[in-house]
Every structure is written in C-alpha cells, then in structure tokens.
Amino acid sequence: MLPKTANVVIIGGGVLGTSAAFHLAEAGHQDILLLDRGPIASGTTPFAAGQTGYLNKDGFSEPFTTYCIDFFENFAARTGQSIDFQRCGSLRVALTEKYQADLEKRVQARDDLSSDVEFISPARAKEMVPGFYPPEGCRIASIPHDGYVEPKSVAVAFAAAAKERGVKFHTRVEVTSLRTSGDRVSGIQTNQGAIETRNVVLAAGAWTRQICQSVGVNVRSVPVRHQAFVTAPISDVLPMQPIVRVTEPQIYVRHEAGGLLVGGYGYRPLSFDMDDFPSGFEIPALEADPIYYEQLRTAATLFFPAIKDAMIVQERRGLPTISPDGQLIISEPNGVGGLILATACGVGGIARSPGIGRVVSDILSGQSPLVPLAQLDARRFDETYSSDVQLRSRCEELYARHYHELV
Ligand SMILES: Cc1cc2nc3c(=O)[nH]c(=O)nc-3n(C[C@H](O)[C@H](O)[C@H](O)COP(=O)(O)OP(=O)(O)OC[C@H]3O[C@@H](n4cnc5c(N)ncnc54)[C@H](O)[C@@H]3O)c2cc1C
C-alpha cells in the first residue's frame, strides 16, 4: 500500500534519484519515499557506458568533481555497498592545433589533478592500448583518475544503501502530476492514489520536463538520444586498457567484455518531446538509428581498424537530458517551493551522480552547498528558451558538439 503522506518524495529510481535518496537519508532526513514507474534503474541509466571523466567542461568543477572521484574510489566505505569501478585511466587525444591548445588548458585548469596527468607520445599510447592507431603529431593526455562503472550497479547500490538507512521504495507506481498549494508543492498524484508532501525531488530523467508541465513549470531540459555499441571480443583488447576519447571525431572507445564499447557525439542529434511517444513507452523501446551507428563505426575504425569487421553484439541507447548551457539543473523552479529538480546531467549522469545527490541533500538540509547554487539554478533560463523549438534546437546543437566545446 502506498503511504498517504511522506516528508520527501523522490520521483525516479535512476542513478540520480537513488543517489539523492542515499544522500538525504545519510544527512538524517526521515520518512523518504522513492517512486518509480518501472523497477529501479529501468530508464536510461542501465544503457550508459558508465565512464567517469574529469577533464569535462563543468563550470563549477573542482569541489564537485573531487567529491565524485573520491566517492567512486571509496564507494563501499561510503555506502556499505560495492560497485564494479574499473580505474583504468583514460587517454584524451587531440588531433589539431585548436583542440591541442584546448586540451592543455583543460589540464592546467584542473589544479587538483594535473600532477597526475601527463602528456604521452603516440607510441606510448599504442603500448597502453594495442589496438589503437593514433596519428603522428597528435597530442595525448593520460588521465589516471578516470575509469568506468557498470552503470546499473551504481543505482542499485545507492538504492540498497538508502533502503538500509530507512528510505521506502515503491516501484511500478507512475506519478501522473504534481500538486501545489499557493507557491509550494503540496503533493503528487500517482496511478495508485495521491500522496501529500511538502518536498519533492524530481529525478524522472527524460520525463522530468513533462511532469513539471502539470504545475505550469517550463523546465529547460530536454531528452536527446545517445547511442553506443559493443563489439564481440577482439584479440588485442586488454581488460584494463585506458578509455580513449578522440576530440575531433567525438568518439570514445573502451574495453567491454573482451571487446570494445564505442560511443560518440555529433552523429544525427535528435531531441524528443515525451508526449510524442505512446503512453507506457519505456527506454528499451527507443528505436535504433542505424545511420548513426554506421557513422560511428566508420569514425572509430580510423583509429581502431579492428572495429571495421567486428561483430556488434550489443547496442545501447537512451535519452540523457540536456539544458541550453549544457550544465546541470539542481534547484527549485520559479514559483514552486519545495520542488527540487535534478536534471540536465547530459551524457554524464553516472559520473556526476554522487555530487548531484549531495547537492540535493544540501538544498533540502539548508546546508551550505558543495557548489554555488546559482550555477545550477533552473531560474537562470527564466528569460530565455521559452519556446520548444528554440530550446530543442539549442540542446541538440550542444549535444552535437559535446567534445568540441572549448574551455
Ligand atoms: C549510450 C549511453 C552512454 C552513456 N554513457 C555515459 C557515461 O559514460 N558516463 C555517464 O556519466 N553517463 C553516461 N550516459 C548518461 C547517463 O546514462 C544519464 O546521464 C543518467 O543515466 C541519467 O540518470 P537519471 O536518473 O536522470 O535518468 P533515468 O535513468 O532515466 O531514470 C529516471 C527514472 O525515472 C522514472 N520515471 C520517469 N517518469 C516517471 C513517473 N512519471 N513516475 C515514476 N517514475 C518515473 C523512470 O522509470 C526511470 O527509472 C550515457 C547514456 C547513454 C544512453
């Protein structure tokens, strides 16, 4: 039976909702209820590549990123639950002068990491990743802190740790609308009844924007398709070889089950309005775009020739959410107190999940936050991107040049 009241309701049991649940319980909040329309981690989370990457262009960088790195490296000690984190490092490769200068700047900007980051030769990169053929003259940064996790395991571990700390979970419950009283959230309506609450954390992934429309809030965060594929085992792939990210063709390639997992940006970007899907649509039903996959394979083959004829044994795709400045939204929207949005994590929600959960908890605890809240505030877009057409085309454009954004 669904409870009739709760102190905090979290909508969404993906990596963001479960991290928020853990962090809130850890901070001492009581009577927390997490709802998901499917099982835990049944949205975009399980389809991720699960990579952590710390040379990304986050406006708020240091304390947030350091918190996330530290959390993944000490996940079991922090939560009592283990995850499969492979700290294999990464190589970030820039082929042209413009992006080589950008790479230098990214490394310099990360004071906390730069002592561990080194520039290596193409020959050294080839030793570390035997199937990789870096062109002469490229610049390669080796970042030992990076790695990857099995993404579903992160949400499951956060959920288990939250449950141990008293959070209640109800799956197969769909939230159909939010309710307000005056300028504050007062409850939610579900397909199994109403729940009164003065605090809602909305972490419903691709559906966040749609759910907010029930209280007239226009969240500037839209779902944009992202696809990756996994090959059958390839003989020279090493289990702990670093992830390779090549800037210009915007591809990433890492080990997966003896083969390679390949993903990339800029290939036929497409955003969605979740109302255009039939009701009951779930992420696994998202249609493949074979042309995107083919373009990705062609781009990756130039650097990893074995990909050309490798058998593809798995396709991954989902709908990460993106805002018009490419940065997170973690805040109340204008006019609805007590509603905390956790969205727009882009293709980085797994890596950022510890920090996002922590910020949600800081806000609801009235604690001084890990990062300046203004940078995460939904209200920064109040005067802009109010039309869907403008918003979606801007978010598609940002997605399309994810690795091309200069610092
Ligand atoms: C191919 C691919 C590769 C990726 N690679 C990486 C990577 O390497 N590193 C990285 O950090 N990120 C990566 N990502 C991005 C990452 O997957 C997302 O950023 C992250 O999973 C988003 O988590 P979420 O909790 O916001 O959303 P979701 O996982 O989608 O969770 C939202 C949850 O809300 C529930 N829900 C929705 N509507 C309702 C409702 N009305 N009522 C109740 N419940 C509801 C859904 O069922 C779902 O479980 C990748 C994504 C893809 C697709």
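Which residues are closest to the ligand? In this predicted model, local features need pLDDT of at least 70, side-chain atom pairs count only at pLDDT 80 or more, and totals for chains, interfaces and linings use all residues. Residues are numbered from 1 along each chain as its sequence is written.

The ligand is surrounded by 42 residues, and the closest are Gly14, Gly43, Gly205, Gly318 and Gly349. A residue is taken as near a molecule if its C-beta atom, placed from the backbone, lies within 6 Å of it. Helices (H or I, at least four residues) and strands (E, at least two) are DSSP runs, numbered from the N terminus. By residue class, the shell around the ligand holds 19 nonpolar, 18 polar and five charged residues. Here Ala, Val, Leu, Ile, Met, Phe, Trp, Tyr, Cys and Pro count as nonpolar, Asp, Glu, Lys and Arg as charged, and the others, Gly among them, as polar.

The protein has two domains. Domain 1 covers 8-51 + 151-220 + 323-393, and domain 2 covers 81-146 + 224-318. These bounds come from an automatic or database domain assignment. The shell around the ligand draws at least three residues from each of the two domains. The C-alpha centres of domain 1 and domain 2 lie 28 Å apart. Domain 1 gives 18 residues to the contact, and domain 2 gives 20. Two residues are in contact if their C-beta atoms, placed from the backbone, lie within 7 Å. On the side of domain 1 that touches domain 2, helix 7 (151-164) and helix 11 (388-400) are the elements that give two or more residues. Helix 7 gives the most, with five residues. That side of domain 1 divides into nine nonpolar, seven polar and two charged residues.

The overall fold comes next. The protein contains eleven helices and 22 strands. Its radius of gyration, taken over C-alpha atoms, is 21 Å, close to the 22 Å of the globule rule (2.2 Å times the number of residues to the power 0.38) for 407 residues, so the protein is as compact as a globular protein of that length. The C-alpha trace spans about 65 × 40 × 40 Å along its principal axes. Of the 407 residues, 50% are buried. A residue is buried if 20 or more other C-beta atoms lie within 10 Å of its own, exposed if 12 or fewer, and partly exposed in between, with C-beta atoms placed from the backbone. Among contacts with a separation of 6 or more, 77% join residues 24 or more positions apart.

Strand 18 (residues 259-264) is mostly covered, with six of its six residues buried. Strands pair if DSSP finds at least two bridges between them. Strand 18 runs antiparallel to strand 15, and three bridges join them. Within this pairing, Ala228 has Gly263 of strand 18 as its bridge partner. Strand 17 (residues 251-256) also pairs with strand 18 in the antiparallel sense, over six bridges. Glu256 stands opposite Gly259 in strand 18. The hairpin of strand 17 and strand 18 has two residues between the strands, and Ala257 takes a positive phi near 50 degrees there.

Val9 lies in strand 1 (residues 8-11). Val9 is buried because 27 other C-beta atoms lie within 10 Å. Val9 touches Leu33, Leu35, Ile188, Ile195, Thr197 and Val200, not counting residues up to four places away in sequence. The C-alpha atoms of Val9 and Leu339 are separated by 9.7 Å, although these residues are 330 apart along the chain.
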